Amino acid sequence: MARLVGWRVRRPRVGLPRKSSRRGLKQLRRENTPLPPPRKIEALTVDFNRLFDLDHVTFVYGVPGSGKTRKLLELFSSTKGPTVFITFTTSARSGAAERSESGGKAFLTLHSIALRAVARALDKPANEILPCVDEDLNPQPCMRDGKFDVEKSMREIQRRICKRYGIPFSNDPYTPSVGNQLFQYANYVINVGGLNALGKYMNELPPIYRSALKQYYDLLETHGRFDFTLLLVKAIELNATFSICNGKNDYEDCEQPHTVFVDEVQDFGPLFYNALFSLFPKARGFVFAGDPNQVVYHELNGASFELTMTLYETIMKMQGNGKGEIIYLDKSVRVPSKVAEFAKARFQAHEINWSSTREGGMIVHDYDDNLGIIVTKLIDKYTNPVSILVLAYDNRHVIEAMRTLLAYGITPYGLKERTPNIVIKFLKDVEAFVETNLPPVRRDSKLYSFYERGYYVFKSKFAKIKAMPGREKLTVRDFIKDIIDVYKLYKPNIFEPQKVTVFIDTVHAAKGLEAQDVIIYNHTISKNTKVPKEVKYVAATRAKNDLYIVHPRGPYGIQRGWFI
């Protein structure tokens, strides 16, 4: 029951003990406590030798742009009996289902398979084991209409816990904070080493971070809920199995798949492999498609070049007894020859001789022009509708590059949706800010004269922009003028179609996509961050024509970037 206190409605805290966020934040500042990244984790053992007991295992080794997913779908469509097609992401699942001619056959992610298997093992509805909560953190059944959304609920639980311990947390995926990093590290540790590794990692953490993680997992356990990573752990623990059911309800007329097809297998980490083999104990065959040189999810789930090569070499050994088959797709129909040679010479970890059916292509290093000038020149070059892809290594520099393009009148699009949702959100915030705060700004330039809501919106955006390299001397007056100019100039035509569509995102988000020209935004990164070769290889091989490498200038001139 809500209680009215003064002019505020104070709600009781349900599910979480009281904790002073102010005290926690003071403790973090006083002790200057950094969040330590996971040290070397003892990875879960993946028993690839179990493949020798199967009837047949195939590996479709496809170089960039060779059509390995198309080949996998052909094999999937021609296979008789109960089968399942597994993708790494939901967007890849939708894409594969649209391209397939297999009708009602199953296209699923490994997480959704684990969800169904665990729900069946526990004899509960699937929507009651996911961590959906209301505003008071009371567990609720997940609903497809978005009222109780899984990802939003998980973020809200994590945000509330971080708030109680004074740990900064951001709801914006483009500006993650320490709290976001804490839960990302925890997921990574579980994906690589399981719950035992998580316990060891938590013991190494400073008390405030350890307490926050413990409270998160205790809360899920109390309500009998599982996030996406814990679903895989629970599926292995329960020996839960997946079946394809044709009855009116989920448990009628069920049969376990005889053949399992797995796309982009190089994205699987140790926990994924163990869950995969545990969920399909009666499968008589596996068909994998992937490329060891295109691993990009090292920091997400522990996927690695070495793990994929172990799978590949195991299947090669199986060729001796007639149970293994390697299908090589060594002709790229996307990457031009010069770009292909550049990528192979610089970034190819596993040497495989492949070629391109497309001649030409250029590698252009630009040290003089900034990103906006280069994209403007490329737009002017084309007369037909084409796409240009701008790639950065992290989300912070995606925002930086997006702001540069906006300054040149170019509306960039996110990869996940055709609508420029990030830009629209930014301009809506600007519109609200201008309408609410412009008169007080003209009367008095001091920040405290703003209306309360507009003040916090303004203050947070001003702090983020000022923290960017080269913007340290930004003044309040210049920032106000900047956002008003952007608002007036670009809002009227933001929905108008552009001749050339400019996409901008991270390399991880761009995996599996292509564009006429690719621009690598070669910004600097932390000295402690090591970018794997495979990430650079994926970035370079998205281009159908030319590859541009932009070297932005910092306060000390051109510095070493993440790409080259």
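Biologist: Is R155 buried, exposed or partly exposed?

Modeller: Keep in mind that this is a predicted model. R155 has 31% relative accessibility, so it counts as partly exposed. The cut-offs are under 20% for buried and over 50% for exposed.

Biologist: Which helix does R155 lie in?

Modeller: R155 is part of helix α5, residues 150–164.

Biologist: Changing topic. What is the strand order in the open sheet?

Modeller: β5-β4-β8-β9-β3-β10, six strands with parallel pairing. The edge strands, which pair on one side only, are β5 (106–109) and β10 (324–329). From one strand to the next the twist averages 15 degrees.

Biologist: How many bridges pair β3 with β9?

Modeller: Six, in the parallel sense. In that pairing T58 stands opposite V287 of β9. β3 pairs with β10 over six bridges as well, also parallel, and there V57 is opposite G324.

Biologist: How many residues of β3 are buried?

Modeller: Six of the seven in β3 (residues 56–62), so the strand is mostly covered.

Biologist: What about β8 and β9, how many bridges there?

Modeller: Four, again parallel, between β8 (residues 259–262) and β9 (residues 285–290). V260 stands opposite F286 of β9.

Biologist: Which strands does α9 touch?

Modeller: Helix α9 (residues 270–279) packs on the sheet and touches β4, β8 and β9. Its direction makes about 150 degrees with that of β9.

Biologist: How many residues of α9 are buried?

Modeller: Ten of its ten. Among them are P270, F272, Y273, N274 and S278.

Biologist: Where does E264 lie?

Modeller: In the loop between β8 and α9. E264 has a positive phi of about 50 degrees although it is not a glycine.

Biologist: Buried or exposed, that E264?

Modeller: Buried, because its relative accessibility is 16% and the cut-off for buried is under 20%.

Biologist: And N239, what is its phi?

Modeller: Near 55 degrees, a positive value in a residue other than glycine. N239 is found in the loop between α8 and β6 (244–245). At 59% relative accessibility N239 counts as exposed.

Biologist: Back to helices. Where does α4 lie on the sheet?

Modeller: Helix α4 (residues 110–122) lies across β4 (83–87) and β5, and runs at about 95 degrees to β5.

Biologist: At what angle do α4 and α8 cross?

Modeller: Roughly 50 degrees, with the axes of α4 and α8 (residues 228–238) coming within 9 Å. The two helices are therefore oblique to each other. The crossing is left-handed.

Biologist: Which residues make the contact?

Modeller: On α4 they include L110, H111, A114 and V118, and on α8 they include F228, L231, K234 and L238. By class, the contact has eleven nonpolar, one polar and one charged residues.

How values were computed:
Residues are numbered from 1 along each chain as its sequence is written. This is a predicted model: local features need pLDDT of at least 70, side-chain atom pairs count only at pLDDT 80 or more; totals for chains, interfaces and linings use all residues. Side-chain values use heavy atoms; hydrogens and water are left out. Two strands pair if DSSP finds at least two bridges between them. Axes are lines fitted to C-alpha atoms, for helices over the stretch in contact, and angles run from 0 to 180 degrees between N-to-C directions. Contact means heavy atoms within 4.5 Å. Angles under 35 degrees count as roughly parallel, over 145 as roughly antiparallel, 65 to 115 as roughly perpendicular and the rest as oblique. A crossing is left-handed if the near helix is turned anticlockwise from the far one by less than a right angle, and right-handed if clockwise. Ala, Val, Leu, Ile, Met, Phe, Trp, Tyr, Cys and Pro count as nonpolar, Asp, Glu, Lys and Arg as charged, and the others, Gly among them, as polar. Buried means under 20% relative accessible area, exposed over 50%, partly exposed in between (1.4 Å probe, protein chains only).
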